[in-house]
Amino acid sequence: VILYGAAGPGGFDLNYFIFCWIVKSMQVVVSWTSPDLEFEYADTDKWAAELSELYSYTEGPEFALNRKCFEVEFRTHVCDRKWTELDAAQHRAHAMRLLDGLEVIARDKRLKAARAILYMSQGTFSECSSEAEVQYWMRYNIFLLLDVGTFSALVELLNMEIDNSAACSSAVRKPAISLADSTDLRVLLNIMYLMVETIQQDDPADKPEWKIIRETFRAELGSPLFNNEPMSVMLFGMVTKFCSGHAPHFPMKKVLLLLWKSILFTLGGFEQLQSIKVHKRVELGLAPLPEDSIRVIRSMRAASPPASASDLIEQQQKRARREHKALIKQDNLDAFNEKDPYKADDSREDEDDNDDNDNSIEAETFPLERDEVMPPPIPHPPSDRVSLPKGLPWAPKVREKDIENFLESSRSKFIGYTLGNDTNTVVGLPRPIHESIKTLKQHKYVSIAEIQIAKEEEFQKTPLSGGEEEVEMSSIELLYQGILPSLPQYMIALLKILLAAAPTSKAKTDSINILADVLPEEMPTTVLQSMKLGVDVNRHKEIIVKAISAILLLLLKHFKLNHIYQFEYMAQHLVFANCIPLILKFFNQNIMSYITAKNSISVLDFPHCVVHELPELTAESLVSLKMPKK
């Protein structure tokens, strides 16, 4: 339903590609109503989870360093009172003082001022006693920092670091890049991510001036105010520079997370997409949508992942053995002739229809053995079953072309002539065909894409008399214009990083290193350190896959709604960059193990690690903390 009208004048159908991509993306953001799965269909995870994914566990010691930089600066200019005890005027004065520190020439002083601002963005956690208190002061401090103009200063510093040729050449010459090579970039990206992620969280308790600040920031983030291009285009440029090998020290996980949240904040998520779609259909005079696809997906039950190739082969071998065994039993032929094993009562049919699809292969038995060998099925209690409607949960949709093709074939079969595009004349056709046409017309659906294609064809037919096409300069249009010149390179770069983060990827000498912002300067020397780093690396890859999947899915959906040809152009270059084999590569593994693996240590997640006293970690306790997900 979402992919309706994906085929375009390019001569190939993109439905299969987008279907594969959405299947992959469902691994990232899928909601199930089944209580045994902890998934929620939403644009992002909980705020605390999104904050914790910004930091790798290797960055843990830097929390204390940020605090130290803030306290030294704070006690130099302010009395010995706590930050939480000052009034709003004093808060603002100190924020302006730290902002001035970002403009000094000395790099070390700039970094200390940036770390102090980062500590403010982290909620001045040393003065808080709970995670909720940390989150409260995070919101307060971040809105304060945005109000005094911190974000614009950070963007300028980020541009300086991107163009820092000395750092790039030094990183290229190093045989092994570690966390220390990207310190300045990581501090800046951390602050910017915290600001975007926090401000986009809509809280009903926010002050009226905060709501105004949020909407202003949203408009600025999507406008070409940063080097005459939107913020997202600058981040895309960092991705391509990293993949080209000219800047291997870029902390790519943080760049991708900031890029994802910037696109999500400026363009909107699933709920905003649905409202924009409804508004556009009203503007074009089209019928309202038959259902809300977001609500439909949220009501769908869980489904197990497909079986692996080895499991399918094993099941086929079991079935072959059963069939061979049944052919030897000649005495069962009399029973077979007397009773048709394919007939069953209605209750058995209903039960089979409601069974899980994953058991369909294993549950299938040979007809000769079904009544003689297999025991009767154990009836399930009614409480264990979920009553679901038969068929697809979405309303069927029929194109005008489908009705024309059906009438063409019917007329050729029953009458022997055709009437072209006439969908009203049914003379000479049998009564069942009349009913079929009536049913098709009841479910006729005209998509926004069809209207857009028709308008483009009209402009091509009359380019002079048709006048200039009016294009609304919305956030998505500005973003498309910004990334259009280098869109193929952006797609290739994202897929390169996605390939490097694939769990089945093998280490190659010519592949890009996506672990530059997670590996410490000194490699682990104990079993505990090795286990912790292993968890951190796997978690790092999972977050990168999640960010890239969300970026591509968001762009595809927004481009398709903005104009079908924008969507098709992006999808075309994804196909050219071998996106389909890459997606299939993710399925070439034990899917259940991949989904249930828990690559996180909850006690080390932010803000838990800065509020509570950390327990003493051992190899045994680390295994217990790293239990598989449900």
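I looked up the nonpolar cores first (sets of buried Ala, Val, Leu, Ile, Met, Phe, Trp, Tyr and Cys residues joined through side-chain atoms within 4.5 Å). The largest has 128 residues, and F151, M231, L256 and I497 have the most contacts inside it. Helix α25 (residues 527–562) gives the most to this core, 14 residues. Apart from it lies another core of nine residues, including L286 and L561.

The model is predicted, so I note that local features need pLDDT of at least 70 and side-chain atom pairs 80 or more, while totals for chains, interfaces and linings use all residues. Residues are numbered from 1 along each chain as its sequence is written, and side-chain values use heavy atoms, with hydrogens and water left out.

I checked L256 for contacts (heavy atoms within 4.5 Å). Beyond its neighbours within four places in sequence, L256 is in contact with V239, L494, I497, I544, A547, I548 and I551.

Next I took helix α10, residues 208–222; helices are DSSP runs of H or I, at least four residues, numbered from the N terminus. I found W210, I213, R214, F217, L221 and G222 buried (under 20% relative accessible area; exposed is over 50%, partly exposed in between, with a 1.4 Å probe and protein chains only). These residues cover an arc of only 150° around the axis, which puts them on the same side of α10; the arc is that of the directions from the helix axis to the C-beta atoms. On the other side, P208 and I212 are exposed. The cover over the buried residues of α10 includes α6 (131–147) and α23 (475–483).

For the whole protein I noted 30 helices and zero strands.

Notes:
Helices (H or I, at least four residues) and strands (E, at least two) are DSSP runs, numbered from the N terminus. The expected span of a helix is 1.5 Å times one less than its number of residues.
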